[in-house]
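Have the model open as you read.

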Amino acid sequence: SNFKINARGNVEVKGVVEGAEIIASGNVTIARGVNGMSKGVIKAGGNVIAQFVENAQIEAKGYVETGSILHSSVAAGTEIRVGGKKGFITGGHVCATNLIEVKTLGSELGANTIIEIGINPETKRRYHELEEQIKADTKTINTAQPVLDAAKAKILSGIKLPPEQVKNIQDLSTMVTLKKKGIEAANKELVQLEELMNISSEAQVVVKDKVYPGTKIVISDVSRIIKTQAQYCRFIKSRGDVALVGMI
């Protein structure tokens, strides 16, 4: 616990990872599993393979393969497969771009379980970062603009400002100009990201056994909360909604 590893290549752990942090450019393979103790973090530029994931944060640019996911945040650039004897996802937030395949989804006790597919996790994260940036920059501009307007009014009325105040006003004006350019660039990137997020795909959640009521399924921009237990099914986006269909 509390141990940190930062590797340029692959990392292989032949036992258990507890509340530790592993960041690797390549794959992370954990022979037994991860008991994150609500502070364990695994980030891989490739894939993450572990026997189980519990109370941990997992991020992989490739796929994630494990035997169970319990109360964890797991994100994969391609797909997440949860198989083996247990094969359950219970609690937490699990997301992937193309596929999430699991044996049992949710729990009888109604643990808050969110499953999300259809959008690359990194794309969504960047989208929210840009939204926050625009919000913060807009607030800064709105705070600075009245000061600039007041200074401009004084100058137009013939009032001579002290050199130090003039310098402060010039710096403030430069900052506002830069913030406005930043907002413009961020809005352009948001439009590009929205186009990526709206691209129709064959993303699906495959449940090989049961899905319990209370589980939330999100596919791209639509969502569905499961009301009744279902078995041997798939969830896909169809006609602007999350549809439950039979196994192929």
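Start with His71, which counts as partly exposed at 41% relative accessibility (partly exposed sits between buried, under 20% relative accessible area, and exposed, over 50%, using a 1.4 Å probe and protein chains only). His71 lies in strand 10, residues 68–76, and its phi is near 45°, a positive value in a residue other than glycine. Most residues other than glycine have a negative phi. Met37 is another one to look at: its phi is near 55°, again positive in a residue other than glycine. Met37 is found in strand 6, residues 33–44, and counts as partly exposed at 40% relative accessibility.

A quick word on the ground rules. This is a predicted model, where local features need pLDDT of at least 70 and side-chain atom pairs count only at pLDDT 80 or more, while totals for chains, interfaces and linings use all residues. Residues are numbered from 1 along each chain as its sequence is written, and side-chain values use heavy atoms, with hydrogens and water left out.

Now zoom out. The protein has 2 helices and 19 strands (DSSP runs numbered from the N terminus: H or I of at least four residues for helices, E of at least two for strands). Its radius of gyration is 24 Å, well over the 18 Å that the globule rule gives for 248 residues, so the protein is more spread out than a compact globule. That radius is taken over C-alpha atoms, and the rule is 2.2 Å times the number of residues to the power 0.38. Along its principal axes, the C-alpha trace spans about 80 × 45 × 30 Å.

What holds the inside? Buried residues make up 41% of the 248. The largest nonpolar core has 44 residues, and Val28, Ile42, Ile80, Ile89, Leu105, Ile217 and Phe235 touch the most other members (such a core is a set of buried Ala, Val, Leu, Ile, Met, Phe, Trp, Tyr and Cys residues joined through side-chain atoms within 4.5 Å). Strand 8, residues 53–60, gives this core its largest share, 4 residues. Apart from it lies another core of 14 residues, including Ile134 and Leu193.

Finally, the cysteines. The disulfide count is 0, where a disulfide is a pair of cysteine sulfur atoms within 2.5 Å.
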